[in-house]
Amino acid sequence: MEADQPMRPFLVPAIATGLALALLAAPILPALFPVVVAAASVAACALALARRPSRPLLLVILGLGLWLVTGIAGAWVLRGRPLSGLAWVLAVLYLLPLPVIPWLYWWTFEERDE
Amino acid sequence: MTALAVLLLLAAGLAWWGARRARDSADYFAAGHRGGAWLVGVAGTAAAVSGFTFVGGPGLFAAVGAGSLWIILSAPLTGALQCWAVGEPVVELVEKRRALTIPELLAGRFGGPTMRVLAAAIVAVGCVASLAVQARAAAVLGEEFLHVPGATAAIAAMLATTAYTALGGMRAGLVADAVQGAVMAGFAVLLAAAALAAAGGPAAAVATLERARPELLGSFGAVAPPQAWAWYLLFCLGTCAQPHYLQKFLFLRSRAQLRLLPAVLTGALAATLAVWIGVGLAGTALVARGAITLGRPDALAPRTMSLLGPWAVMLAGVAVLAAMMSTAASFLNMAAAAVTRDLREALGKVPLPISAARVATVLFAVAATAIGVTSERAVVLLGLVGWGFFTAALLPVMTLGLAWPRATARGAVSAMAVGAIADLALEAARQHLPPGLEPGLAGAALGTLVLVAMSRRIR
C-alpha cells in the first residue's frame with residue numbers, strides 16, 4: 001500500500017476476517033497467540049490509515065508492531081527468570097511506551113479544515 | 001459515616017448546579033458537546049476505572065503474580081488506540097449528525113430501526129448488570145474500608161450518584177467524574193508509594209518474593225501464557241467497545257480535542273494503575289514476610305491499608321467509592337437514554353422529555369441497588385454481562401463497521417446478535433474452556449466473521 005493512498009477497500013474486511021479466524025484458532029494452537037496479539041492490536045490502530053493515510057502514520061503503526069513483537073518475544077524468552085522477566089514486562093511493555101505512544105498520536109494527528 | 005455524609009452533601013450541591021445547567025437533551029446526555037480534552041480525559045478514565053482496580057487488581061497479583069499485569073499492560077496503547085480506531089470516526093459522525101448516544105450514532109451510520117433497538121437493548125441490559133455489580137461491590141468494600149454496614153454504603157453511594165446524575169445528567173456527571181478521576185489518580189499514587197515504602201521499597205519487595213514466592217515473578221507469574229495474552233488482547237481491543245468509554249467521545253466540543261486526549265487518558269490511567277502494581281507487589285511481599293495474613297486474595301488491599309494506618313484506609317475507601325460512583329453515573333445515564341430516547345425513536349415515537357429520563361435514572365438506580373444488595377446469586381449471573389459482553393457485541397461494529405464503507409445494516413445487526421449470544425454461551429461454560437479462550441474475544445471474532453459474510457452476501 002502506498003502511504004498516501006487510501007487503503008484498498010477489500011483490505012479492511014480481508015484483514016479482519018484473517019484475524020478473527022486466527023483468534024478463534026489461537027487457543028488450540030497457542031503458538032499463534034503472540035502473533036495474533038501483536039497483529040490485532042496493530043491492525044486496530046491501523047484502522048486510522050483507512051481514513052487518513054499518511055507516511056508518518058504508517059511508520060508509527062509499523063513501529064508499534066515492532067515494539068509489540070519485541071516486547072512479547074522478550075517476555076516469552078525471559079518467562080523462566082523471575083527478576084529479568086518481571087523487569088522486561090514492566091520496562092519494555094509498560095513504562096517505556098507510556099509517554100511515547102500518546103506523543104506519537106499527537107505527532108500524527110491531522111487538523112482538518114473546518 | 002462522616003465520609004458518607006460529606007459525600008451526600010457534595011452530591012447534593014452538584015445536583016443543584018447540574019439541574020440549572022442541563023437544559024436540553026444534548027446537555028443531559030452528551031454534556032452539551034462542550035468538553036475539552038483535559039475534562040473528558042480525566043472523567044473518561046474515572047468512568048473506565050471501577051473498584052476492581054483498587055481491590056481486585058492487587059488481590060489478583062497476590063494470587064497469580066506478574067500474570068495479572070497482562071490485564072493492564074496495554075494501558076500505554078489504549079488511549080491512542082481508542083482515538084485511532086473509534087474516537088476519530090465517532091467524533092466525525094457526531095459533528096455530522098449531532099448524535100447523543102451510541103445507539104443513535106450506530107443507527108445514523110447503518111440506518112434502520114433494528115440496529116438502534118438492538119444496540120439500545122444491549123446497552124440497557126449491560127448497564128443494569130454492571131450497575132448491580134457496582135452496588136454489590138460498594139456494599140462489600142464499604143464494610144472493608146469505611147467500616148459501615150454494606151447496605152448503608154451501597155445505598156449512600158448510589159443515592160449520591162443518582163442525585164447528580166438524575167438532576168444534572170452528564171453536564172453534572174462529567175464534572176463529577178473529572179473530580180473523582182483526579183482524586184482516584186492522586187490517592188492511587190500516594191497509596192502505592194506508601195505501600196512500597198512499608199515493604200522497604202520496590203527492590204526489597206521483589207527480593208522478598210524472589211526468595212519466598214518466585215513462581216509469582218517472571219514474565220507471566222502463575223498464569224499460562226495463552227491466558228495472559230488473551231487478557232492483553234481483551235483489555236486492549238475491548239476499550240473500543242465499552243459504551244462508557246465510547247460515551248466520552250460524544251462529549252468533545254471538536255475533533256481538534258482528540259489530539260491531546262490520548263496523553264490525558266494515558267496519564268490518568270497510569271497514575272490510577274499505580275495502586276495495582278504498587279499495592280499488589282508490596283502487599284504480596286508483606287504477606288510473604290508474615291506482616292499480613294490473608295484469608296482470600298481480595299483481602300490484600302484492605303489488609304495492606306490497615307497496616308499503613310487509618311489515613312490509608314480512609315483514602316482507599318474514598319478512592320474506591322469515587323471509582324464506583326463515576327462508573328455508575330455513566331451507566332445510569334446511558335440506560336436512561338436507551339429507554340427514553342433510543343427505543344422510542346427507533347419505534348417511530350417522539351423521545352420522552354428530560355423529566356422522564358430523570359425518573360428512568362432513579363428507577364434504574366433503585367433496581368440495580370436492590371439486586372446488588374439483596375441477591376448474591378443474581379449478581380454472580382449479572383457479572384457475566386460485563387466487559388466481555390460489550391466487547392463481543394460491539395467491537396466488530398465499532399471498529400470494522402465504522403471503517404469499512406460496505407458494511408451493511410443487516411451485517412451489523414447480525415454481528416451484534418451473534419457476538420452477544422456467543423459470549424453468554426461461552427461464559428456459561430467458562431470452566432471447561434481452554435486457557436486463552438476468552439468468551440468476549442471469541443464472540444467478537446465470530447461477530448466479525450458474520451459482519452463480513454452478511455455484508456458481502458447482501459451485496
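This is a predicted model: local features need pLDDT of at least 70, side-chain atom pairs count only at pLDDT 80 or more; totals for chains, interfaces and linings use all residues.
# Legends for the close-up views

View 1. Five elements of chain A, namely helix H1 (11–25), helix H2 (33–51), helix H3 (55–77), helix H4 (82–95) and H5, each supply at least two residues of the side that touches chain B (helices are DSSP runs of H or I with at least four residues, strands runs of E with at least two, numbered from the N terminus). Of these, H2(A) gives the most, with 11 residues.

Residues are numbered from 1 along each chain as its sequence is written, and chains are lettered from A and ligands numbered from 1 in the order in which they are written. Local features need pLDDT of at least 70, side-chain atom pairs count only at pLDDT 80 or more, totals for chains, interfaces and linings use all residues, and side-chain values use heavy atoms, leaving out hydrogens and water.

**View 2. The area between chain A and chain B.** On the chain A side, 55 residues are in contact with 59 residues of chain B (heavy atoms within 4.5 Å). About 5100 Å² is buried between the two chains, and carbon and sulfur atoms give 76% of this (accessible area lost on putting the parts together, 1.4 Å probe, summed over both). In chain A, the residues that lose the most area to chain B are A:Arg51, A:Tyr94 and A:Tyr105, together 14% of what that side buries.

**View 3. Two arginines of chain A at B:Glu88.** The interface of chain A and chain B holds two salt bridges (a side-chain nitrogen of Lys or Arg within 4 Å of a carboxyl oxygen of Asp or Glu). A:Arg51 meets B:Glu88 with an N to O distance of 3.5 Å. A:Arg52 also pairs with B:Glu88, its closest N and O atoms being 2.6 Å apart. A:Arg52 is in the loop between H2 and H3 of chain A and B:Glu88 in helix H6 (residues 75–97) of chain B, so the pair joins two chains. A:Arg52 is buried, at 7% relative accessible area, and B:Glu88 counts as buried at 1% (buried is under 20%, exposed over 50%, partly exposed in between; 1.4 Å probe, protein chains only).

**View 4. The fold of chain A.** Chain A has five helices and zero strands, and its elements run α-α-α-α-α from the N terminus on. Among its 114 residues, 47% count as buried. Counting contacts in chain A with a separation of 6 or more, 56% are made by residues 24 or more positions apart.

**View 5. An enclosed helix of chain B.** Helix H5 (residues 56–64) of chain B has seven of its nine residues buried, so the rest of the structure largely encloses it. The buried residues are B:Gly56, B:Gly57, B:Pro58, B:Gly59, B:Phe61, B:Ala62 and B:Val64. They pack against helix H4 (51–54), helix H10 (202–212), helix H13 (261–289) and helix H14 (300–308) of chain B. After H5(B) comes B:Gly65, with a positive phi near 65°.

View 6. B:Thr208 has its place in helix H10 of chain B and is buried, with a relative accessible area of 6%. Leaving aside residues up to four places away in sequence, B:Thr208 touches B:Arg213, B:Ala285, B:Ala288 and B:Arg289.

**View 7. Salt bridges within chain B.** Over all chains, the structure holds 13 salt bridges. One of them joins B:Arg171 and B:Asp27, with the closest N and O atoms 3.7 Å apart. This pair links distant parts of the chain, 144 residues apart: B:Arg171 is in helix H9 (residues 150–198) of chain B and B:Asp27 in helix H2 (residues 25–30) of chain B. B:Arg171 is buried at 16% relative accessible area, as is B:Asp27 at 4%.

In another salt bridge, B:Arg255 and B:Glu92 have their closest N and O atoms 3.0 Å apart. B:Arg255 is in the loop between helix H12 (243–251) and H13 of chain B and B:Glu92 in helix H6 of chain B, 163 residues apart. B:Arg255 counts as buried at 4% relative accessibility, whereas B:Glu92 counts as partly exposed at 21%. A network of salt bridges links B:Glu104, B:Arg116, B:Arg341, B:Asp342 and B:Glu345.

**View 8. B:Leu424 and B:Pro439.** B:Leu424 lies in helix H19 (residues 409–428) of chain B and is partly exposed, with 36% relative accessible area. Its C-alpha atom is separated by 7.6 Å from that of B:Pro439, 15 residues apart along the chain.
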